[in-house]
Amino acid sequence: MDRLAIDIVRGVVGQNVESLQLPHYGRDYQFCATQRACRVLCAAPNFHDGLGPSGPGRFFRLCLPSEGTVSRIGVMLHPPATEDEDASAGAEQVELTASEQIRLEFIPPSEQLRPFVTTFYSLRCDEPEILDCLPAAVGYLTLNLAGSGILHFADGRAEPSHDAMFLTPTTAAVRIALQGPWHMIGAALSPLGWAALTGLHAGDVADRVLPASQVLGAAANNLAARIRSIADGDAARAAVLADLIGDRLRPVKPRHVQVIDAIANWLSSSFDPPVSILPQQANYSIRQVERLCERYFGVPPKQLARKYRALRVAALLQAPDTSPEQVAALKNLYFDQSHLIRDMRHYLGRTPNRIFDGSAPLLNATSSMRGYREVRPNFARIPGD
């Protein structure tokens, strides 16, 4: 039974979904059928329902079944993100899925696909409800073989999952609320792979969920059902997905490929590489580099360096073999503790203490050193590792 992620308040608990009456406490609300989501804005200055801070401009989400009785309060959503307070902060107040329930398997691509696919992967969780975070990342082609839900982006939008979908390159952490059991097969696309497979401008479509059929056309029809029917395990399923991707790749301009490689090497050279050296390495002007970086990576170079500094620092801080001296050096990459906390919350959805305490297992699984050492990504590697 599908669940709808709906931003709403406590007063609807116990009501039947089919005759749902929204409580009237001076709130405005809007239902969006295309996103299957409803946002309820608390307009009363002193209203507080126990889910989080009171006051105007606060959103609340409730997980509702598609039929039956409302029985469970969901998590709090904040207003759209700012530099100092972003929507990922709401995840701090949620009891997330138990770590032993998340099973992540990396499936390496062939050498032929290696420039385009960082890794194939399988994700499983047997819990009936999955609440967690995904770090800011590259674009993904994903097939939801079991389970469905809602993805919450930092600007306050909530978009439903699809059986076959693209999660476009993300500029901030994404919070997920899924009905399980959950089984996903997917491909993490390199910036070159994103361009060659989709032809889409990464910056123009960043932070979205796109039905695979919208991008791949008829090739995506019944794709999840076809792969779901394969009985030989997830490696065999990933092989079918690999064949689809290989058949759909289109050429990218050779000079643009050189720029993508130059940006990738620049990112891998340092945790905080200076933008000033990039035009010489890419053999383009700074304006051309900024334009092409946004086209293929989703953001300009300065924001790209900030994103991968946070992701790589978080991975190393989680690693048990990171020495105290390395920890101190990593923290010195930031002006102060508040700077570190702000970036971690923005790009990983949690403050450092909450990232490392094991309470966000999907986030831990997808942001740990394992993803760098086992996968060996072809860009934004850990310097010196």
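These legends accompany close-up views of a predicted model. Local features need pLDDT of at least 70 and side-chain atom pairs count only at pLDDT 80 or more, while totals for chains, interfaces and linings use all residues. Residues are numbered from 1 along each chain as its sequence is written, and side-chain values use heavy atoms, with hydrogens and water left out.

**View 1. The largest nonpolar core has 80 residues.** Such a core is a set of buried Ala, Val, Leu, Ile, Met, Phe, Trp, Tyr and Cys residues joined through side-chain atoms within 4.5 Å; buried means under 20% relative accessible area, exposed over 50%, and partly exposed in between (1.4 Å probe, protein chains only). Phe-120, Phe-166, Leu-241, Ile-245 and Leu-348 touch the most other members. Helix α8 (residues 301-318) contributes the most, with 10 residues; helices (H or I, at least four residues) and strands (E, at least two) are DSSP runs, numbered from the N terminus.

**View 2. Asp-126 pairs with Arg-103 in a salt bridge.** Here a side-chain nitrogen of Lys or Arg lies within 4 Å of a carboxyl oxygen of Asp or Glu. The closest N and O atoms are 3.4 Å apart. Asp-126 sits in the loop between β7 (117-125) and β8 (129-134), and Arg-103 in strand β6 (residues 102-107), 23 residues apart.

**View 3. Glu-159 and Arg-157 form a salt bridge.** Their closest N and O atoms are 2.4 Å apart, and both residues are buried.

**View 4. Glu-374 meets Arg-370 in a salt bridge.** The N to O distance is 2.8 Å. Glu-374 counts as partly exposed because its relative accessible area is 44%.
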